[in-house]
Amino acid sequence: MTWRLALASAVGGAAAWLTTACADRAVAGDRPLQQSVHGRSRGVSSGDVAGTIAESALAIRNMTREPGALATVVAVTVRGWTGPGGRPFEVTLRTPGQTPAHARRFGTVTLRNSARTRAPNVGQYPCTSCHLGKRLTMSAKRVRDAHQNIKAPHPVQTGGACSTCHAADNVELLALKSGERATLDHTYRLCAQCHFSQADAWASGAHGKRLDGWQGRRVVMGCADCHDPHKPAIEPRIPFRAPRIERVRGHDE
Amino acid sequence: MSADLFQSPPNGDDDGTVLQKRVDRRRALGILIGGMAAGTQAVSACSPLSAATDEERELKHLEWQEFIQKHYRRMTEAERAETVVRIERLAKLRLGVNVTIDTTGAQPGVLFGYAFNISKCRGYRSCIEACINENNLDRAADTQYIRIFEMKDGPVDLDAATATYEHEVPAAGHFYFGTQCFQCANPPCVPVCPVGATWQEPDGIVVIDYNWCVGCRMCMSACPYWARRFNWSVPEVPAEVVNPNQHYLGNRARRKGVVEKCTFCIHRTRHGRLPACAEACPTGARVFGNLLDPNSEIRWILANKRIFRLKEDLETEPRFWYFSD
């Protein structure tokens, strides 16, 4: 049974190497956004980790699993709402061109996990490229001419104007009824003024989407991650159908 | 909802005494046939007609070791390490892929539960797409753990529902109802297994040791939710789409003639991540969490939403609830 001994020593060697790698990662991961603890999220201190490592090679292998993609998500703490048990939680930032919140890897494929793709040119053509320092004017003709690409059933059906939600002197800020301003990262503050029951469910986890982990940081998608604020209803689509492949390895193997 | 739902099953540290006799019999068989095989091999090694390469010989040897390995719950840590290395090597020899086999156990104080929002599900089947890719499901047999049933607005009627719709969704006047393994607190599939190849882990996940399963399919007939799948042939998973992130009790390569099922993505959830179906769902209809944490999202839903479970009268106590807005 010498091969067994060889395997055991190979595992031991790999374990020692992984231990070093693990320690390196722990030192490097001191930035707040990388404190995602997936894969090591059992509240273990570094001393405990050392003890576990000594226990068996398997424990080390198991602890160096892929930690998930949450570490790459840029998020900010939610203001005004708390999750179940009064715990604070975070909402994904509305960063132009950023995809981590909208695509996840499953096996070898990457899938969108949002009902909507963010317009990729939000950063390229910010509202302020035209509206900088100018008050919004409500001329129907000008709105029609300049924004033909924006289909806006939501303000139309609710009788809202641009300035119902956007600050009149800076369209990239949201005007709350309280007189406060909110950035586009905090759309939930604006939406919740009317959709309060959805906001309650969102804060508690029954509406909307938590990213990556059931444990550790709670990062959820914001309202505009799934709903187009100008057109909140989500389009129907063709469901996924599994492609079937020919059997190569046969029934008799 | 009964209080014992939030209790972990008692068999966390099974000493495996029920399996003692069977293991001994297997070992005896192993020694007997192993001797024969060694003899045959010695003869064939001397033969000039033998074309076996080193890799083929290694494959045969590892397959033999795999055949006589112990029940997973009776393995020592050293034996588990050996098994893990063997499975990884077999994946390399058979498919040419580098996989890693995880053996992480249940986290203390964790009991998994699932909630499914029938008001939100729109029937996209993104969960199924993610599940197939994440769990290395048989692409040729079209094996799927999840079914999304399209039902007419009204009562839950599985007989009148269809899971094979191809039109644009959501269809007007319909709602969508997903099923998969519910990881029941009182799983009818476990006691019927004649060889003890399936059991419930302390975190509530019902798992299968694919190397111990004899393929009798008693568990499949016992499950009232049609949650288990049988491999009528070797699962066809092309090497380029194999998910290398595998768990021994989860998505590792299955053999022909064994039963498999949803494990709430045991290789992800035991590391704090969401199951693939919950993470892929674009509508947020799927909520997953720890039932023992009173501040979890799923506990909030159980306490504040209108909830029900499928075929509740059977007293299987699924840890999978349906709710509506």
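User: What joins β5(A) to strand β6 of chain A, and what makes that a pairing?

Analyst: 2 bridges join β5(A) to β6 (residues 170–175) of chain A, running antiparallel. Pairing takes at least two DSSP bridges between two strands, so β5(A) and β6(A) qualify. Both are strands in the sense of DSSP E runs of at least two residues, numbered from the N terminus. One opposite pair here is H166(A) and L174(A). By the way, this is a predicted model, where local features need pLDDT of at least 70, side-chain atom pairs count only at pLDDT 80 or more, and totals for chains, interfaces and linings use all residues. Residues are numbered from 1 along each chain as its sequence is written, with chains lettered from A and ligands numbered from 1 in the order written.

User: Why do β5 and β7 of chain A count as edges?

Analyst: The open sheet has 3 strands in the order β5-β6-β7 (chain A), with antiparallel pairing. β5 (166–167) and β7 (181–183) each have a single partner strand, so one side of each lacks a neighbour in the sheet.

User: What makes up the contact between chains A and B?

Analyst: It takes 56 residues from chain A and 61 from chain B, where contact means C-beta atoms, placed from the backbone, within 7 Å. α1(A) gives the largest share of chain A's side, 4 residues.

User: How is chain B divided into domains?

Analyst: An automatic or database assignment sets the bounds: domain 1 is 17–102 and domain 2 is 107–324.

Definitions and conventions:
Two residues are in contact if their C-beta atoms, placed from the backbone, lie within 7 Å.
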